[in-house]
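Keep the sequence and the model side by side.

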Amino acid sequence: MSSETENAKFSLGGATLYGINAVVGSGIFLLPRTIYMDLGPASLLAMLFDAVLVLLLAVCFAEVSCYFDKNGGAFQYSKSAFGDFFGFIVGLLGWFVTIIAWSAMASGFAKLLIMAFPALTGMNTIISIALVITLSIINSTGLKTSKIFTVTITIAKLIPIIAFVFIAIFFLKGGFDNGNFTPFLQLKEGMTLSKALASTSMTIFYAFIGFEALPVVAGEMRDAKKNVPKAIIGSISIVSVLYFMIIAGTIAMLGVGILESGAPVQDAFGMMVGPWGKWLISVGALISILGLNVGDSMMIPRYGASIADEGLLPKVVSKKNSKEAPYIAIIISCVLTCLLLLSGSFEQLAELSVVFRFIQYIPTALAVIFLRKKNPDMKTAFRLPFGPVIPILAIAVSVWMLAQGADAKSLIAGAAGIVIAAIVYFALNGKRKQAS
């Protein structure tokens, strides 16, 4: 049985695909217009700048993941470095924000499906809930089925993206010849360079959100202490190249016309290969957001189950069925996601919960420093150079991102979330003490 379970787990290649799937969504197909808006072609430099910023955070996750071979991601890192209380806050808020994200992704899938098939108009909520329930059922059948589904969907979503990137290479020179990259810096009227760079960087940064999902399911990876850090760095590097080329190819074909396009990548690919290019990208967008839903359906319950496994939530939450799937956590995640979809409030919550992402990023970067001190003689598969410099830079990047992208409402929501999580922790902790 243990051999079958190990074989069902993700290999390095599968883990890398899972990481790519967790980041790349349908947004990339609409992203170039927003990125181009403030800087023009110079937005390509903002993309490179942002890739470095994201890598700073990603490599922090990569190092601390070397200490663990179980599910939980930032929750496990914070718990090990700073204790149960801080770990619980990071974990509970992380579970909460991923459930909100799944609601948004399920709703997004329904919207794209209705755009492709207008006869389904008015069935948004039904489609979204049906998707969440279906994926939860698939997830409950065990890791092997979920893995096959995840890998298949990821490969399918990458086909149109890789096709666009490969073909775009042959059109870049024409873009330069046609003047679509000149002048290189085209500041939007009323924008300063620093303000435009910050705005564009924030847009690009949110396109990379999701890389933290891979360590959450580390327990489902073979030789996790070696493969998870490799998969994190590999997936972010691949996504960075794909994103850069998508933006460059779109600018090469459309130039300033990108601002007039509602679907710039589709229009650019249509110019490259004909009408079927638009169709391929449209299908790719639908598959991409389906892939995000598949990844969420697998990751989110395991996030909650990992907290219960550590005794910080009732043990029943981590209970598994005969297929080793955490079916109680799957049911809870499914029900909460469906309730959000029925309430229609998830979109507002998604806007307010941006700050919760950094409640995972900042403790993870800090954990690099603390776990090194706790395990001074431990040899790991991946170790950052330059001592604490990179983690400190990652923390500074996170603070900068919060300052640029989070309004007062979001910060208040984040503070309220921390307070509520703390109250829940002490309520559960008190009950355990009384029971003992």
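**A cavity among helices**

Helices α7, α8 (143-168) and α14 (275-309) each supply at least two residues of the lining of the largest cavity. Helices here are DSSP runs of H or I with at least four residues, and strands are runs of E with at least two, numbered from the N terminus. The model is predicted, so local features need pLDDT of at least 70 and side-chain atom pairs count only at pLDDT 80 or more, while totals for chains, interfaces and linings use all residues. Residues are numbered from 1 along each chain as its sequence is written, and side-chain values use heavy atoms, with hydrogens and water left out.

The structure holds 1 cavity of 30 Å³ or more. About 30 Å³ of space lies in the largest cavity. A cavity is a set of points, on a 1 Å grid over the protein atoms alone, where a 1.4 Å probe fits but cannot get out; lining residues have an atom within 4 Å of a point. Grid points are joined across faces, edges and corners, and the volume is the space filled by probe spheres set on the points.

Which residues line the largest cavity? They are L135, I138, N139, S146, F149, T150, V294 and S297. By class, 4 are nonpolar, 4 are polar and none is charged. Ala, Val, Leu, Ile, Met, Phe, Trp, Tyr, Cys and Pro count as nonpolar, Asp, Glu, Lys and Arg as charged, and the others, Gly among them, as polar.

Now take S136, in helix α7 (residues 124-140). Is S136 buried or exposed? S136 counts as buried because its relative accessibility is 6%; the buried cut-off is under 20% relative accessible area (1.4 Å probe, protein chains only). Beyond its neighbours within four places in sequence, S136 is in contact with W102, I330 and C334, contact meaning heavy atoms within 4.5 Å. S136 and I330 are 194 residues apart in sequence, yet 6.3 Å apart in space, C-alpha to C-alpha. A polar atom of the S136 side chain lies 2.8 Å from the backbone oxygen of V132.

The largest nonpolar core has 141 residues, and F164, F211, Y243 and Y303 touch the most other members. Helix α12 (residues 224-254) gives the most to this core, with 16 residues. Such a core joins buried Ala, Val, Leu, Ile, Met, Phe, Trp, Tyr and Cys residues through side-chain atoms within 4.5 Å.

Definitions and conventions:
Buried means under 20% relative accessible area, exposed over 50%, partly exposed in between (1.4 Å probe, protein chains only). A polar contact is a pair of N or O atoms within 3.5 Å; within protein, one must be able to donate a hydrogen and the other to accept it, and residues adjacent in sequence count only if both atoms are side-chain atoms. On a 1 Å grid over the protein atoms alone, a cavity is a set of points where a 1.4 Å probe fits but cannot get out, and a pocket is an open set with protein on both sides within 12 Å along at least five of seven lines; lining residues have an atom within 4 Å of a point.
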